[in-house]
Amino acid sequence: MRPGVSAVRFATEVAALAALAVAGLAIAWPLALALPAAFAFVRGWWIAPKAHSRLADPSRFAVEIVLFVAAGGALAATGSVPLGLLLTAVAVAAAIAIRRE
């Protein structure tokens, strides 16, 4: 993996966690904990490189895109539409770039 792509990928994952926490907090404080935890669980269980139940690439890519679209959509729903779109676009671009290495 190229360090730049890996760094962008990591940044989008952290941004997605923050976006879900902000969106959850806008609804109810327990969701500020539950939404990022659900994201981290799904990513750790099916997407992470050392996941026990790592999905094959077409399915893994689809789940990854769904996670980031959900995080971007949640951020957009809080009123930060440009940031939500930016998060989604950069995360999808990083997911594609990481597979082209």
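Author: Before we start: a nonpolar patch is made of residues with over 30% relative accessible area and no salt bridge, with nonpolar side chains such as Val and Leu joined within 5 Å. Keep in mind too that this is a predicted model.

Reader: Fine. Which residues form a nonpolar patch on the surface here?

Author: V8, L83, L86 and V90, with about 320 Å² of accessible area together. Helix α4 (residues 81–99) supplies the largest share, 3 residues, while V8 sits in helix α1 (residues 3–27).

Reader: Why does V8 count as partly exposed?

Author: Partly exposed covers the range between under 20% (buried) and over 50% (exposed). V8 has 37% relative accessibility, so it lands in that range.

Reader: On to charges. What makes R9 and E64 a salt bridge?

Author: The rule wants a side-chain nitrogen of Lys or Arg within 4 Å of a carboxyl oxygen of Asp or Glu. The closest N and O atoms of R9 and E64 are 2.8 Å apart, so the pair qualifies. R9 lies in helix α1 and E64 in helix α3 (residues 57–77), so this bridge ties together parts that are 55 residues apart in sequence.

Reader: Are those two buried or exposed?

Author: R9 is buried, and E64 is too.

Reader: What makes D57 and R60 a salt bridge?

Author: Their closest N and O atoms are 3.4 Å apart, which is within the 4 Å limit, so this one counts as well. D57 and R60 are 3 residues apart in helix α3, about one helical turn.

Reader: How do you know that D57 is partly exposed and R60 buried?

Author: Check each against the cut-offs. D57 has a relative accessible area of 31%, so it falls between 20% and 50% and is partly exposed. R60 has 12%, which is under 20%, so R60 is buried.

Reader: Which other residue meets D57 in a salt bridge?

Author: R99, at 2.7 Å from N to O. R99 is in helix α4 and D57 in helix α3, so to speak distant parts of the chain, 42 residues apart. R99 has a relative accessible area of 24%, so it is partly exposed. The structure holds 6 salt bridges, and R9, E13, R43, D57, R60, E64 and R99 are linked in a network of them.

Reader: What about the greasy side: which residues have the most contacts inside the largest nonpolar core?

Author: A16, L20, F39, L67, F68, A71 and L87, in a core of 14 residues. Helices α1, α2 (29–47), α3 and α4 each supply at least two residues, and α3 gives the most, with 5. Leaving aside residues up to four places away in sequence, A16 touches F39, F68, A71 and L87.

Reader: Why is the F39 and F68 pair called edge-to-face?

Author: By the rule used, the model has 2 aromatic pairs. In this one the rings are 5.6 Å centre to centre, within the 6.5 Å limit, and the planes are at 70°, over the 60 needed, so edge-to-face it is. F39 is in helix α2 and F68 in helix α3, so the pair ties together parts 29 residues apart in sequence. F39, at 4% relative accessibility, is buried, and F68, with a relative accessible area of 4%, is buried.

Reader: And why is the F41 and W45 pair called stacked?

Author: The planes of F41 and W45 are at 20°, under the 30 degree cut-off, so the pair counts as stacked, again at 5.6 Å centre to centre. Both lie in helix α2, 4 residues apart, about one turn of the helix. F41 is partly exposed at 48%, and W45 is partly exposed at 39%.

Note on methods
Residues are numbered from 1 along each chain as its sequence is written. This is a predicted model: local features need pLDDT of at least 70, side-chain atom pairs count only at pLDDT 80 or more; totals for chains, interfaces and linings use all residues. Side-chain values use heavy atoms; hydrogens and water are left out. Patches are made of residues with over 30% relative accessible area and no salt bridge: like charges are joined within 9 Å, nonpolar side chains (Val, Leu, Ile, Met, Phe, Trp, Tyr) within 5 Å. Accessible areas come from the Shrake-Rupley method with a 1.4 Å probe; for residues, only the protein chains shown count as cover. Buried means under 20% relative accessible area, exposed over 50%, partly exposed in between (1.4 Å probe, protein chains only). A nonpolar core is a set of buried Ala, Val, Leu, Ile, Met, Phe, Trp, Tyr and Cys residues joined through side-chain atoms within 4.5 Å. Contact means heavy atoms within 4.5 Å. Rings of Phe, Tyr and Trp (its six-membered ring) pair if their centres lie within 6.5 Å; planes under 30 degrees apart count as stacked, over 60 as edge-to-face and the rest as tilted.
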